[in-house]
Amino acid sequence: MSEFIRAEDLSFAYEEDAPKVHPALDRISLSVDSGEYVAVLGHNGSGKSTFAKLLNVILTPSDGRLYVDGKEITPDFSDEETVFDVRRRVGMIFQNPDNQLVATIVEEDVAFGPENLGLPREEIRRRVDMALDAVGMREFAHHAPHHLSGGQKQRIAIAGVLAMKPACMVFDESTAMLDPRGRSEVMSAIEKMNREENITVLHITHYMDEAARADRVIVINDGKIFMDGTPKEVFSRVDELRSVGLEVPQGTELLHALRADGFELPADLIRPDECIDCLAEYLEKHSKNGGASV
Amino acid sequence: MLKDITFGQYFPGQSLLHRLDPRTKILLSLIFIVILFVAKTPIAFLLMILLTAVFVEMSKIPFGTIFKGIRAVLILLLFTAAINLFLTKGQGTPLLEFWVIKIYAEGIWRAVIMAVRVVLLILISGLFLTYTTTPIALTDGIESLLSPLKKIRIPVHEFAMMITIALRFIPTLIEETDRVISAQKARGADFSSGGLIKRARALIPILVPLLVSSIKHAEDLATAMECRCYRGGDGRTRMVKLTYRTRDFLMLLFVLAIGASVFVLNHYIPILLPDLYYF
């Protein structure tokens, strides 16, 4: 697989005049391949959103190198055409669904991105229909966004980005303001983008159960990469995660607590159903033995 | 509840008026207003009333809905009519004399004609521009009609985009106002007692948070728009393109013909009042 994002010693500081004092990102190096589904975890202020904003040139790096889709994004990045190119390749979905919808009609809003790209009318029409189908919102094409639920609005926002046919989508805490139902709607839309539309997904979140569904988890703490690996690898290091103020998925936490009490349980289960099956199997096995250790 | 406020009171439908191009409807309204103020003969006024009635009928919008717009200006209407009635000084003898009030035939005509003009103006502009046209179509129409001004560097696209976004955010801000009011009430704020000044002051704790959050909305939206490759009107295409159709030309031709005949009538039929020019 080809490399889509590459960061080398990437730093970013918000305070223009004192850049080295407290950088939001501190010499980060990582790479993400095309088609990967990556979750980025970290508590508030860890620098995870800053990283997202660097990827489509809302912010430019203070130091280091960043390559997106083969194009280098430099600190004095000013070539408007390249910015435009990067933004059409990397779509961004934000936290507040209300603040990213532009038009008063759903399909007009989805058309906004393709319209900005200057595509011919028939092509825009085709992409809008395709994108609304992909997120299952076609029937709401002529509705006003303010009558929709949070999850629906966020799916419209996803459709709006999908209609630009990006190679990568960055979800900057896109589920944070939603109710559980909206969250699960948006999570399945996100996963569909990765699996069916073949889009590289970076999902920035602080929900552990969401991160557990990704192919790879990157934990950022204090502007540095703290962990990087598969969800199983990352979440089995429960104590280390706790030390930086992060929790692990509930099932994993339960197994961890039981293990600490001497039960022989695996450390690398993260999905709720895995944990339940494992406990059930364990209970069954040990109750047959007379239930001594239960 | 507040969320359901419809701005502009668009009334969905499939009538001819609904299907006209928004630009046609803007032009028609303007032409109609000019005709109303050029007309000076009774036949012309009857013609305009008839035409308005035909349009109202065509739009299939219930009378009640349309006349709501007039109820709002009823007091203003009565006031202007009264002023015209009592203060117009005619040439002949007064028809009615009572204390200091003298009513002349000219005054009656003037009051009636002004009232008819205002009522027709409200009916027609409401019918063309709000009841049968969505706000977004109207904005597109304005942008397209004003686009020649781009040549002299007037930011027409930006202007239209601002209107669209304002319309988009009205419901969001209404919801937010609801929330802020509830939050302030929960803290013991009192909005309904005291004099005018006290009540006006009570609004400050609502307006300030609302202003702050509007700025936050604007900032977020600007970022989101940039992320979606927005860089102004240049190089931008539209999904829905406005097109004039035969019906648009026919309608414009028809109303222009009416306008021409009203103008001609002024010269061949005794006009009601020479001084109506001044209104």
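**View 1. Met169(A) and its contacts in the predicted model.** Skip the neighbours within four places in sequence, and Met169(A) still touches Gly91(A), Ile93(A), Ile158(A), Val161(A), Leu162(A), Met193(A), Ile199(A), Thr200(A), Val201(A) and Leu202(A).

**View 2. The largest nonpolar core.** This one has 56 residues, and Met169(A) is among those with the most contacts inside it, along with Leu132(A), Ile158(A), Met193(A) and Phe235(A). The biggest giver is helix H5 of chain A (residues 150–162), which puts in 6 residues.

**View 3. An open, antiparallel sheet of 4 strands in chain A.** Read across, the order is E2-E1-E4-E5. E2 (25–33) and E5 of chain A sit at the edges with a single partner strand each, so one side of each has no neighbour in the sheet. On average, neighbouring strands are turned by 15° against each other, direction ignored. Look between E1(A) (residues 3–12) and E4(A) for the 5 bridges that join them; Arg6(A) is opposite Tyr67(A) of E4(A).

**View 4. Helices H1(A) and H2(A) against the sheet strands.** H1(A) packs on the sheet and touches E1, E2, E4 and E5 of chain A, its direction at about 120° to that of E1(A). H2(A) lies across E1, E4 and E5 of chain A, at about 105° to E5(A).

**View 5. What covers the buried residues of H2(A).** In this helix (residues 80–89), Thr82(A), Val83(A), Phe84(A), Val86(A) and Arg87(A) are buried. Their cover includes H1 (48–55), E4 (63–68), E5 (71–73), E6 (90–93) and H3 (106–116) of chain A, plus helix H10 (204–227) of chain B.

Methods
Residues numbered from 1 in each chain as written. Chains lettered and ligands numbered in written order. Predicted model: local features only at pLDDT ≥ 70, side-chain atom pairs only at ≥ 80, totals over all residues. Heavy atoms only, no water. Buried < 20%, exposed > 50% of the residue type's maximum accessible area, 1.4 Å probe, protein only. Helix = DSSP H or I, 4+ residues; strand = E, 2+ residues; numbered from the N terminus. Contact = heavy atoms within 4.5 Å. Core = buried A, V, L, I, M, F, W, Y, C linked by side-chain atoms within 4.5 Å. Pairing = 2+ DSSP bridges. Axes fitted to C-alpha atoms, helices over the stretch in contact; angles between N-to-C directions.
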